[in-house]
Amino acid sequence: MHINHEIEFKTLIEKDVFEKMLQDYPDAETHDQTNTYYESSSCNMKEMGFAMRIRDLDGKHLFTMKQKAAQGHREYEIYLDDNSPEALNHPELVQLFNQFQITGPFIIMGSLHTVRRSIHLNYGELCLDENEYCGIKDYEIEFEIDIDHQSEAQKEFEELLHRYNITYQQAKPKRTRCLLKMKEGL
């Protein structure tokens, strides 16, 4: 299992700004990915500071459990054979869940599809995300920073915001946006 610390800035942007950024970064690496969000049957993971998904990307299924940290998130990641509640019975995941007293069974809460364009900048990775969920389409930029160069990364991100006249407002996580919209539809 891979464990890493993630710090990212994210904000929603208008479609015209998104399209301008796409024009300015024609060599961005493009991936289609679908996130399936999972929850314990007791629905207490969020209260415990955790979020869990399996991301389908390039024919692979990447499990990620995010844990809130003092700054950003700690991520626990492992590739699985498939994307299903049963795949969460993987021995390493059972051990992880036991460590944090997270109990199954697990249920699918929702899914979100993203076309992600990634650009490596000096101090982080800029992701231009076009997201679809529950009949909604939104546009978001994420800047996943190099933790060893936080101040430089923040300055680089601020310069990017200034260049495109974007007012930064921390966006809710994709999972939260998707699940809130699903609740509205009930």
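Modeller: Happy to! A few terms come first: buried means under 20% relative accessible area, exposed over 50%, and partly exposed in between, with a 1.4 Å probe and protein chains only. Helices (H or I, at least four residues) and strands (E, at least two) are DSSP runs, numbered from the N terminus. This is a predicted model, in which local features need pLDDT of at least 70 and side-chain atom pairs count only at pLDDT 80 or more, while totals for chains, interfaces and linings use all residues. Residues are numbered from 1 along each chain as its sequence is written, and side-chain values use heavy atoms, leaving out hydrogens and water.

Now to helix 2, which spans residues 91-99 and has Leu93, Leu96 and Phe97 as its buried residues. Looking down the axis of helix 2, you find these buried residues within an arc of 95°, so they line one face of the helix; the arc is that of the directions from the helix axis to the C-beta atoms. As background, an α-helix has 3.6 residues a turn, so residues three or four places apart point the same way.

What does the buried side pack against? The buried residues of helix 2 pack against strand 4 (50-57), strand 5 (60-68), strand 6 (73-80) and strand 7 (106-120), where contact means heavy atoms within 4.5 Å. On the face turned away from the buried side, helix 2 carries the exposed residues Pro91, Gln95, Asn98 and Gln99. After helix 2 comes glutamine 101, with a positive phi near 55°.

One of the strands packed against helix 2, strand 5, also holds lysine 66, which is paired with glutamate 6 of strand 1 (residues 2-6), 60 residues apart. Lysine 66 and glutamate 6 form a salt bridge with their closest N and O atoms 3.2 Å apart; the term stands for a side-chain nitrogen of Lys or Arg within 4 Å of a carboxyl oxygen of Asp or Glu. Lysine 66 is buried at 16% relative accessible area, and glutamate 6 is buried at 9%.
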